[in-house]
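Student: I've got a model open and I'd like to talk through it. Can we start once it's up on screen?

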Amino acid sequence: MNLFDVYPINNIAVTKGEGSYVWDDKGQRYLDFYGGHAVISIGHSHPHYVTKITGQLNQIGFYSNSIVIPQQKELASKLGQISGKEDYQLFLCNSGAEANENAMKLASFHTGRKKVIAFEKAFHGRTSLAVSATDNPKIIAPVNETNNIVFLPFNDVLQLEQYFSEYGNEVAAVIVEGIQGVGGIHLASIAFLKSIRALCTQYNAVYIADSIQCGYGRSGKFFSHDYAGVAADIYSMAKGMGNGFPIGGIIIAPHIKPWHGMLGTTFGGNHLACAAAIAVLEVFEDERLLSNASIVGAYLKSELLKINELKNVRGEGLMLGFDVPEEYEQLRKNLLEQHFIFTGEAKPNTIRLLPALNINTTHVDELINAIRKEISLK
Ligand SMILES: Cc1ncc(COP(=O)(O)O)c(C=O)c1O
């Protein structure tokens, strides 16, 4: 049987990982500034993570949500504490798209309304409503087309106000990334997030903070929306939450009430997934990853800013991007093939850096030296 060929892949088979390095099947070492698409938060095969998951698997790996799973409560309590959202409620699922799907569905249940506002260049996932709220017609199948999603320009307070003043009573939710990831590392302005908060409150709509890529400490704060000093009604999360173990979730403000059967999942919140997520948060605390992301992120940004050939260096913490002028268009490819460094990209010419949150300045220097070398060769 062949694989369904949907991914343009690099011909590299990674067989081992440790911290911010991975090794291929020929023994070549790579520095990982991509984290498998912002997923690796505490480094590959972190010993505490491995011990915790292995220990859990030796006890029990899975049982469904028809029984008490104490690890879910432990995870909720730790997550509340670290994120500062102790009064929120946690619903667990398996991926980012699923988290957004549940967030938008919940907003619709809560308000009894159908319209969701999303923004240009947004990416929210590939399931039905999540993909409809994603600004990329190529990945929206005819069956996912809906008039219930409205796209407005990102960071445009006036247009948002105008839309609310005309249709505000039909709006179930506004869904917004604090920092657009797939769209190319674009920061939501503080004024924009504050106006989303104010309008959602005024019109009883739900503010959904898609924190799947920009959240979970990546920006140096637990949620990038925290930079605006606003509290969203629902935060969706996945990626770094399980450091590669599939787990996603939404946290829900206390005024949104559940009823039995409202949401559900077979796999979400299973013992093994919770053990992985608890281990991640324990490492967050032990290694002070929020502050590391902030400090090392600032160092990385300042080093990138010193390289004049890189344009529009931007981002927060360890979610950084820059544009590559045409004459250096091979930069990302050469970083991988000549210097063995993984980075991310956003079309047409942005390099995205999404490393583990416990990288250090030596890793940064390795990347910066490689970029400088590539640029000086031109
Ligand atoms: C902001 C954002 N939302 C949602 C998703 C979808 O997550 P998943 O691929 O886990 O479904 C992604 C994935 O890249 C994302 O970056």
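Student: How many helices and strands does the protein chain have?

Tutor: The protein chain has eleven helices and 17 strands, where helices (H or I, at least four residues) and strands (E, at least two) are DSSP runs numbered from the N terminus. Bear in mind that this is a predicted model: local features need pLDDT of at least 70, side-chain atom pairs count only at pLDDT 80 or more, and totals for chains, interfaces and linings use all residues. Residues are numbered from 1 along each chain as its sequence is written.

Student: What makes the protein chain as compact as a globular protein of that length?

Tutor: Its radius of gyration is 21 Å, close to the 21 Å that the globule rule gives for 378 residues, so the chain is as compact as a globular protein of that length. The radius is taken over C-alpha atoms, and the rule is 2.2 Å times the number of residues to the power 0.38.

Student: Which residues of α11 are called buried?

Tutor: His 363, Val 364, Leu 367, Ala 370 and Ile 371. Buried takes 20 or more other C-beta atoms within 10 Å of a residue's own, exposed 12 or fewer, and partly exposed is in between, with C-beta atoms placed from the backbone.

Student: Why are they said to be on the same side of α11?

Tutor: Because they cover an arc of only 130° around the axis, counting directions from the helix axis to the C-beta atoms. On the other side of α11, Thr 362, Asn 369 and Ser 376 are exposed.

Student: And how many residues surround the ligand?

Tutor: 15, with Gly 96 and Gln 213 among the closest; near means a C-beta atom, placed from the backbone, within 6 Å.
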